[in-house]
Amino acid sequence: MSVDRSVARQGVTDALPLFVPAVPFGLVIGLAIADSGMNLLVGWSSSSIVFAGAAQLTLITLLGSGAAAVAAVGTALVVNARHLMYSAALAPAFQRQPAWFRRLGPYLLIDQVFALVAVRPEEEPDRFRTYYLAVGATFWSLWLAVTALGIVIGPVIPEEWNLEFAVPILFVGLLVLGIDRWPKVVAALGGAATTYLAAGLPNRTGLLAGAIVGILAGTFAERYRDG
Amino acid sequence: MGDLIAVLVVGLGSYLFRSIFILALANRRIPDQVLVGLRFVAPAVMAALVVALLTDSEGNVAIGLPEATALLVGGAVAQTTKNHIWTLFAGMTVFWVVQALL
């Protein structure tokens, strides 16, 4: 296998600046794992097994707050459903790749990897693969390191700092950053109101109801907007 | 054990989402209706999560003034700076300051 070192180096240098905004995210996930009461190694294993910040934070926070596993798993999976779009968008580029990479590549297909490789679909297959692996491996190794760091420093930080409150702040940030049109406001309000009204449902299953109603509300609002 | 199974199920599901079109449905398109729906996953779920984290299991609001102020400021900073680091920094600082003042 011929590896083009300059392409690999390009992948690493493109990935590093995109990783910077993910650093606080990874630290907060580590803190959430330390705070959740779950086995630390199991919590940290989510960084390699799930490898997706928002879904990991959702899963860990909900499991830690006593939600039923089905609600925690269901909500985390809904969060990651957006990856279907990435899979569909990159499918043509992957058809020119060897079988081993068609199986390994999707494992690394997170938001930032997609953002970097989606603009190079026409690239020669060897170069595409080297670049993809360099970007993916950079994110993967840094992500495992940063979440581990969060787990280590979590217990050292005094409890009265209430650092666990960083979790809802981070979710509010993700919410605000994702809103670029009014149907998304409708989706957010629908999700929030339904979750609030369904709070009495056992084991936080109201959260799943909120997610589904929010998505449907946004879809209808979009249809109304398009006339 | 239960937690590990939950992590494994989410990991497997995420891999399926990321791989299904690449491995199995390369010539299929996602129906337009589904594509539109996927756009609203993030706002719907994030808003639902925030509400779930701020209410107790009986639906009572479980936050005080420091939390509410911090979330409003955090949201405003996210809107202005588009940056998670500033959002976290501003939100937590406001939270600590308001808490100390009360």
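Colleague: What should I know before I start?

Modeller: Residues are numbered from 1 along each chain as its sequence is written, and chains are lettered from A, ligands numbered from 1, in the order in which they are written. The model is predicted, so to speak with care: local features need pLDDT of at least 70, side-chain atom pairs count only at pLDDT 80 or more, and totals for chains, interfaces and linings use all residues.

Colleague: How many residues has the largest nonpolar core?

Modeller: A nonpolar core is a set of buried Ala, Val, Leu, Ile, Met, Phe, Trp, Tyr and Cys residues joined through C-beta atoms within 7 Å. Buried means 20 or more other C-beta atoms within 10 Å of a residue's own, with C-beta atoms placed from the backbone. Here the largest core has 104 residues. Helix 3 (residues 41-54) of chain B brings the largest share, twelve residues.

Colleague: How many residues does each chain put into the contact?

Modeller: Two residues are in contact if their C-beta atoms, placed from the backbone, lie within 7 Å. Chain A gives 77 residues and chain B gives 61. Among the contacts of B:Ala44 are A:Ala187, A:Gly191 and A:Ile215.

Colleague: Is helix 4 of chain A mostly covered or mostly open?

Modeller: Helices are DSSP runs (H or I, at least four residues), numbered from the N terminus. Helix 4 spans residues 53-64 of chain A, and twelve of its twelve residues are buried. Its cover includes helix 2 (22-36) of chain A and helix 1 (2-24) of chain B. Just after helix 4, A:Gly66 takes a positive phi of about 85°.

Note on methods
Helix = DSSP H or I, 4+ residues; strand = E, 2+ residues; numbered from the N terminus. Expected span 1.5 Å × (residues − 1). Lists of a residue's contacts leave out its neighbours within four places in sequence.
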